[in-house]
Amino acid sequence: MTLALGCIADDYTGASDLANTLTRAGLRTVQTIGVPADNLALPEVDAVVVSLKSRSIEAGLAVSRSRAAETWLRGRGAGHVLFKICSTFDSTDAGNIGPVMDALRADGGEGTVLVTPAFPETGRTVYQGNLFVGAVPLNESPLKDHPLNPMRDSDLVRVLARQSRTQVGLVDLATVARGAEAVRAKLAELSGKGVGAAIIDAVFDRDLETIGLVAAEHRLSVGASGIGLGLARALVSTGKVKSAAGSAGSDAAVGGPAACLAGSCSQATLQQIANAERAMAVLHLDQDRILTGGDEVQRAIAWAGPRMADGPVLIASSATPDQVAALQARHGRDAAGHAIEQAMADIAENLVKSGVRRLVVAGGETSGAVVDRLGIPGFLVGAEIAAGVPVLRAVGAQAGDMLLALKSGNFGGPEFFSDALGLMR
C-alpha cells in the first residue's frame with residue numbers, strides 16, 4: 001500500500017470529519033484508531049487518517065504519539081502528512097497544536113508550514129488571521145466557554161505563537177485570492193525571514209483549493225478538514241489520485257438494537273438531545289452521582305435494557321456550560337471530565353455486550369473513550385449523515401460487524417440522532 005496522503009487527527013470525531021471529507025472528494029479512505037498494528041488488514045486506499053486522542057493530554061505525550069503516527073504513515077509512502085486539528089483551534093497556551101507542529105516540522109525538514117482551521121462549509125473562516133465561527137470571532141462565540149479548551153482569542157497568529165518555538169506569520173486573503181503562485185512567493189518570503197509557520201486566510205471553498213495545491217508540494221500542513229478538502233482536490237486535479245466513485249464503506253445492513261450516547265455540552269448537542277426526546281426514550285445522567293460513586297452506570301443499563309426492544313435509546317451526560325463549570329469547581333476539571341468519559345465508556349461496553357451494533361456518539365472526548373473501550377482498530381468510511389459526520393463501519397472489532405457515528409459536539413442538524421439512525425440500518 002502506497003499512500004497519496006497521510007493524516008494525523010488529534011481526536012476521533014475530528015478524524016471522522018476528515019475521513020468523510022476526503023471520501024467525498026474522491027479519495028479511498030480508512031480511519032484507524034491509534035497507530036495501526038502491522039497485522040491489521042486494510043483495503044487498498046489513497047489516504048489513511050490515524051486517529052489519536054491527543055487534543056487535551058500533556059503536550060509531550062501528544063508529540064510522541066503524533067511522531068509515531070507520522071513514522072507509520074511515511075513508511076507507507078505518504079509524501080504529505082496533514083496534522084488535523086479542530087476547526088475551532090481547541091488548544092490551550094500549554095499545547096498541543098504548537099508542540100506537535102514543531103516536532104513534525106523538524107522531523108520532516110519542512111520550511112514554513114501552512115496552518116488554517118478554515119472550513120467554510122461548516123461556518124469556519126479565517127480572515128486577517130482571525131478565526132470566525134459563523135459571523136462572529138471565535139472569542140465571541142459559544143466556543144469561548146469550551147469546558148476543556150476555552151478559546152478566548154480569535155487571532156490565530158497570536159494563539160499559535162504562544163504555543164510554538166518558531167515565528168508565526170500570516171498569508172492574508174488578498175494573497176490567496178491572487179492564486180497559488182502568489183502564495184508560493186509569500187511562503188518563500190516568510191521562510192527567508194525564519195518564519196516556521198504561517199496562518200493562511202480562507203473564506204471560500206476556492207481558497208481551500210489554492211491552499212491545497214501549494215500545501216501538497218510540501219511535506220506537512222496543519223489544519224481542519226477544510227485543508228484536507230483542498231489537498232484531496234489537488235491530488236485529484238493533478239492526476240496523482242484517480243477519483244474513486246462512492247466510498248470505502250459497505251452498505252450491508254447490520255440490524256439489531258441501536259443506541260445513542262451524548263457527552264458533549266455544546267449548544268448544538270443540547271438542542272439535538274431535546275429534539276430527540278420526541279423520537280426516542282432519553283435518559284439524563286446525574287453528573288454529581290457519577291463523580292461521587294453513585295450507580296449511574298448500572299441505572300443507565302437497567303433503564304436501557306427493556307426499552308431497546310421498542311426502538312433506539314439515548315443516554316446523555318451533557319449539561320449546560322454553567323452546570324459544567326459548577327461541577328468542575330466542586331470536583332476539579334480533569335477529574336470531572338475523566339469520570340464522565342469513563343462512565344459513558346462503561347455504558348457503551350455494556351450496551352454492546354447486550355447486542356447493540358448501531359451506536360451514535362456525540363462529543364469528541366466521549367467518542368474517544370467509547371471507541372478505546374470497545375477496542376475498535378479502524379473504520380471504513382460510508383455515507384455522510386451531516387457535514388463532517390459519516391457512517392463508520394468497524395474494521396477488526398471484537399464485537400464483529402458494527403456501524404458507528406462519531407459526532408463532534410457542534411456538528412449536525414437539529415434532528416441529528418434520528419438522521420444518523422436513519423442511515424445506520
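1. How many bridges join β6 to strand β7? In this predicted model, β6 and β7 (residues 130-133) run antiparallel and are joined by four bridges. Within this pairing, Thr125 has Phe132 of β7 as its bridge partner.

2. The two strands belong to an open sheet of three, whose order is β6-β7-β8 and whose pairing is antiparallel. Its edges are formed by β6 (124-127) and β8 (136-137), each of which pairs on one side only.

3. Turning to the helices, α13 (residues 333-353) packs against α14 (residues 364-374) with the axes 8 Å apart and at an angle of about 45°. The crossing in which α13 passes α14 is right-handed.

4. On the α13 side, the contact with α14 is made by Glu341, Gln342, Met344, Ala345, Asp346, Ala348, Glu349 and Val352, while α14 contributes Glu365, Thr366, Ala369, Val370, Arg373 and Leu374.

5. The crossing of α11 and α13 is right-handed.

6. In the contact of these two helices, Val297, Ala300, Ile301 and Ala304 of α11 face a set from α13 that consists of Ala343, Asp346, Ile347, Asn350 and Leu351. The residues involved divide into seven nonpolar, one polar and one charged. Asp346 of α13 is listed in the contact with α11 and is listed in the contact with α14 as well.

7. As for the protein as a whole, it contains 15 helices and 18 strands, and its C-alpha trace spans about 65 × 45 × 35 Å along the principal axes. The radius of gyration is 21 Å, which agrees with the value near 22 Å that a compact globule of 425 residues would have.

Conventions: Residues are numbered from 1 along each chain as its sequence is written. This is a predicted model: local features need pLDDT of at least 70, side-chain atom pairs count only at pLDDT 80 or more; totals for chains, interfaces and linings use all residues. Side-chain values use heavy atoms; hydrogens and water are left out. Two strands pair if DSSP finds at least two bridges between them. Axes are lines fitted to C-alpha atoms, for helices over the stretch in contact, and angles run from 0 to 180 degrees between N-to-C directions. A crossing is left-handed if the near helix is turned anticlockwise from the far one by less than a right angle, and right-handed if clockwise. Contact means heavy atoms within 4.5 Å. Ala, Val, Leu, Ile, Met, Phe, Trp, Tyr, Cys and Pro count as nonpolar, Asp, Glu, Lys and Arg as charged, and the others, Gly among them, as polar. The radius of gyration is taken over C-alpha atoms; the globule rule is 2.2 Å times the number of residues to the power 0.38.
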